[in-house]
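Me: I am new to this structure and would like to know what lies behind the labels put on its parts. Please set each value against its cut-off.

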Amino acid sequence: MSTSPALGFIGIGAMGEPMALNLLKAGYAITVYARRADAAAGLVKAGAKLAESPAAAARASDIIVTMVTTAADCEEVTLGKQGIIEGAKRGAVVVDMATISPLAVRRIASVLAERGIEHIDAPVSGGPMGARDATLSIMAGGPLPVFERVRPLFEAMGKTILHMGDHGAGQVTKACNQLVLTVTLEGVAEAMNLAAHCGVEPAKVREAMMGGFAASRVLELFGKRMVERNFENGVDARFYHKDLNIVLSLMHELGLPAPAGAVTLQQINALVGSGGARSDFSRMIEVLERAGGNKAPDCAGAGKAQP
């Protein structure tokens, strides 16, 4: 007889669906909730049960995973009317895998604790591909015994699994990750734009950089998309816009300087404002191209004294 805990899963999107599917493949019984029932059709076909509310999903579960978009969404499905808190048993665990502010995490965890419900924040990195292939990087915050209790779930969804500290520590780690990722992507876009404007093939420049200290996963994946002009079916720029706003808000609250992050956020603002919110983040290169007038100057004459 199986002793696996019954799971609830709330948030069936580009990340949530493949993550839940991997939990099903690992043998867990799952009850799912989606605002649009048709969004969960694939999981129901794969063996999941469909709940009519987050509370109903929680009522049927020992551990409830949430993968929604914003802090407001997290608070609504967790603490709102017909939220998890209205159905979860004492001793149940809520595992929030969205990327939100660590301050929101601590607020939610505190309210749940008053009802005897445990909480872990466990944001992820790796995108839809990592979700599909169960190779996500999972950075968790919360009590260590509770983390160990839910670790088997993480092992079914990810490859790098780390306990970072108490409530909110996972979100702080994800904020650091997103700061490095977004600033690096801005640098890659600027480099690819420079190469093109100087008449040097961006694909070859990228290849050269991948063999040196400039190599990174950002250059490998997003740089390839820039070279190929493939801006669809990736990770929407709007999510990085949300994440970097979280980072900057946290740093401002702490009084920490964030010059590179602030400039990068303005570039993402320009991308989102120009209609690129649902395009892959690599479309950032178009912001730079437009700002430069899409002209290709003669770099051979750069730096020479002008008459």
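Me: Why is glutamate 228 called partly exposed?
Reply: The model is a predicted one. Glutamate 228 has a relative accessible area of 44%. Buried means under 20% and exposed means over 50%, so glutamate 228 falls in between and counts as partly exposed.

Me: What makes glutamate 228 and lysine 224 a salt bridge?
Reply: Their side chains meet at 2.7 Å, N to O. The limit is within 4 Å, so the pair qualifies. Both residues lie in helix H10 (residues 217-228), four residues apart, about one turn of the helix. Lysine 224 is partly exposed, at 39%.

Me: How do you know that arginine 225 and aspartate 280 form a salt bridge?
Reply: The N to O distance is 3.9 Å, and the rule asks for within 4 Å, so this pair counts as well. It links distant parts of the chain: arginine 225 is in helix H10, while aspartate 280 is in the loop between helix H12 (259-276) and helix H13 (284-291), 55 residues apart.

Me: Are arginine 225 and aspartate 280 buried or exposed, and why?
Reply: Arginine 225 has 18% relative accessibility and aspartate 280 has 2%. The cut-off for buried is under 20%, so both residues are buried.

Me: What makes arginine 107 and glutamate 75 a salt bridge, and where do they lie?
Reply: Their closest N and O atoms are 2.5 Å apart, and the limit is within 4 Å, so the label applies. Arginine 107 is in helix H5 (residues 102-114) and glutamate 75 in helix H4 (residues 71-79), 32 residues apart. Arginine 107, at 43%, is partly exposed, and so is glutamate 75, at 23%. By this rule the structure has 16 salt bridges.

Me: How do you know that strands S4 and S5 pair?
Reply: Strand S4 (residues 63-66) and S5 share four bridges in the parallel sense. Pairing takes at least two bridges, so the strands pair. Isoleucine 63 has valine 93 in S5 as its bridge partner. From S4 the chain crosses through H4 to S5, and this β-α-β crossover is right-handed.

Me: What else is known about the surroundings of S5?
Reply: Four bridges also join S5 to strand S6 (residues 118-121), again in parallel, with valine 94 opposite histidine 119 in S6. S5, H5 and S6 form a right-handed β-α-β unit. Both faces of S5 (residues 93-96) are covered: Val93 and Val95 on one side, Val94 and Asp96 on the other, are all buried.

Me: How many aromatic pairs are there, and why is the pair of phenylalanine 147 and phenylalanine 154 called tilted?
Reply: There are four aromatic pairs. In this one the ring centres are 6.0 Å apart and the planes stand at 40°. Stacked needs under 30 degrees and edge-to-face over 60, so the pair is tilted. Both phenylalanine 147 and phenylalanine 154 are buried.

Me: Why is the pair of tyrosine 240 and phenylalanine 281 called stacked?
Reply: The ring centres are 4.4 Å apart and the planes are at 15°. That angle is under 30 degrees, so the pair is stacked. Tyrosine 240 is in helix H11 (residues 237-254) and phenylalanine 281 in the loop between H12 and H13, 41 residues apart. Both are buried. Ring pairs link Phe222, Tyr240 and Phe281 into a cluster.

Methods: Residues are numbered from 1 along each chain as its sequence is written. This is a predicted model: local features need pLDDT of at least 70, side-chain atom pairs count only at pLDDT 80 or more; totals for chains, interfaces and linings use all residues. Side-chain values use heavy atoms; hydrogens and water are left out. Helices (H or I, at least four residues) and strands (E, at least two) are DSSP runs, numbered from the N terminus. Buried means under 20% relative accessible area, exposed over 50%, partly exposed in between (1.4 Å probe, protein chains only). A crossover is right-handed if, with the strands pointing away from the viewer, the path from the first strand over the helix to the second runs clockwise. Rings of Phe, Tyr and Trp (its six-membered ring) pair if their centres lie within 6.5 Å; planes under 30 degrees apart count as stacked, over 60 as edge-to-face and the rest as tilted.
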